[in-house]
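Me: I am new to this structure. Please show it to me, and then let me ask about it.

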Amino acid sequence: MNSTVIGRYRWRICALLFFATTINYIDRQVIGILKPVLEKEFNWTESQYGEIVMVFSACYAFGLLIFGRFVDKVGTKVGYSVSIIIWSIAAMAHALAKSTLGFGAARAVLGLGEAGNFPVAIKSVAEWFPKKERAFATGIFNSGANIGAVLAPAVVPWLANAYGWQEAFIWTGVVGFIWLIFWIVMYEIPARHKKISKAEYEYIHSDQVDDSGTKKKVPWLKLFGIRQTWAFVFGKLLTDPIWWFFLFWLPSYFSTTFNLDMKNLGLPLIIVYTATTVGSIGGGFLSSWFIKRGMPVFKARKTAMFIFAICVLPIMTARYTDNMWVAVALISLAAAAHQAWSANIFTTASDMFPRFALSSVVGIGGMAGSLGGMLFPIVVGALLDHYKALGNINAGYNILFLICGVMYLLAWIMMHIFAPKMEQVEIAES
């Protein structure tokens, strides 16, 4: 069916999700870009910086669990509004911090607010797209994470150098409120939206059961008793911490390993995060392409995810190079593969669970990923401090790259054990 006849309003919704995710990651990435400046301002060690990342991760984990449930109750429109208001205020509050404690408090609230992004976005995609388009749509909005990571090293150093580090936090927070206006004006679920055509509504629901009006309540304990929940949990638990490492430590890695100052740090990071944009969109496209070629949905997702897990392995060879651009290439491949993996793992949740439980499942899996992201910085900080004291911090990064390389294959194996065919879950009303 021709897309012009069907209508394209769903892609405007996808664009909204993309820009929200971009803002989410700009706000999150500011601390990584300004790490050298903030370390001097607050006298942080690597371990203390790791603890601040841990605080954010812990609050993000808790927020995912709460927001997942909250969004299933109040809906996507209200859920996203509440989320972005909280995280935008928290982003701006960093500028008021006069101590490490105050900075950590702002970071904690930022984690709580930002946690709403993915539960709402995944549920919105499930509301607005048929299964055959979900991975591609998820890949597009998820690429906002990468665009945010690209824009941050391009914009944040300029703001910090021109006006002070506080201004970087203030202006990234302001952008969230601008987005909120568009969200309130443009968003509603398809069943109540006045601008969606009948043809597009029917297309959205062409390969799924329309449960948009279902008001079932599913206890968390019931979700924990479902094997598919654990497949999603392990897929996030083992791989999310790797992305957080890429976000919060890559600026420091390039700075210490290749002696780059903040003015010269931008290009390597921009290359890495631009590659992740290609990975996110391409990853979503690949599994959708497999499905259109006749491959069963579960097989398409798992085949694509296996390919992406293999693509992370070469990062383990980063230890053998002293050429920055070779390191940039290896890290770019791994980071791109992560985002391709991420686009598909989110879609497996919408494949396996009905929409009335989807945000809760995404919240549980996201919480697991954030718990991993909370613990991993402790390991990273202690490891780097240990090798820094020995005068060889690169040895610490070499060990970390080995860990990064194997985690995706391990996650793929665990997902296969718990959900070999990723069957659709049937949940009886409570």
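**Salt bridges, a helix and a threonine**

Reply: Lys 236 is buried, with a relative accessibility of 5%; buried means under 20% relative accessible area, exposed over 50%, and partly exposed in between (1.4 Å probe, protein chains only). This is a predicted model, where local features need pLDDT of at least 70, side-chain atom pairs count only at pLDDT 80 or more, and totals for chains, interfaces and linings use all residues. Residues are numbered from 1 along each chain as its sequence is written, and side-chain values use heavy atoms, with hydrogens and water left out.

Me: Which side chain meets Lys 236 in a salt bridge?

Reply: A salt bridge is a side-chain nitrogen of Lys or Arg within 4 Å of a carboxyl oxygen of Asp or Glu. For Lys 236, the N to O distance is 3.2 Å.

Me: How many salt bridges does a search of the whole structure find?

Reply: Some salt bridges share partners: Arg 10, Glu 133 and Glu 200 are joined into one network that way. Another pairs Lys 35 with Glu 39, at 2.8 Å from N to O. The whole-structure search gives eight.

Me: Which residue forms a salt bridge with Arg 28?

Reply: The closest N and O atoms are 2.9 Å apart. The pair links distant parts of the chain, 86 residues apart: Arg 28 is in helix α2 (residues 9-33), its partner in helix α6 (residues 100-114). Helices here are DSSP runs (H or I, at least four residues), numbered from the N terminus. Arg 28 is buried at 1% relative accessible area, and its partner is Glu 114.

Me: Where does α2 bend?

Reply: The bend at a residue is the angle between axes fitted to the seven residues ending there and the seven starting there. For α2 the angle is about 25 degrees. The helix is mostly covered, with 21 of its 25 residues buried. The bend is at Asp 27.

Me: Is Thr 276 buried or exposed?

Reply: Thr 276 is found in helix α14 (residues 266-292). Its relative accessibility is 0%, so Thr 276 counts as buried.

Me: Which residues is Thr 276 in contact with, leaving aside its neighbours within four places in sequence?

Reply: Contact means heavy atoms within 4.5 Å. With those sequence neighbours left aside, the contacts of Thr 276 are Asn 146, Trp 243, Ala 335, Ala 336 and Gln 339.

Notes
Helices (H or I, at least four residues) and strands (E, at least two) are DSSP runs, numbered from the N terminus.
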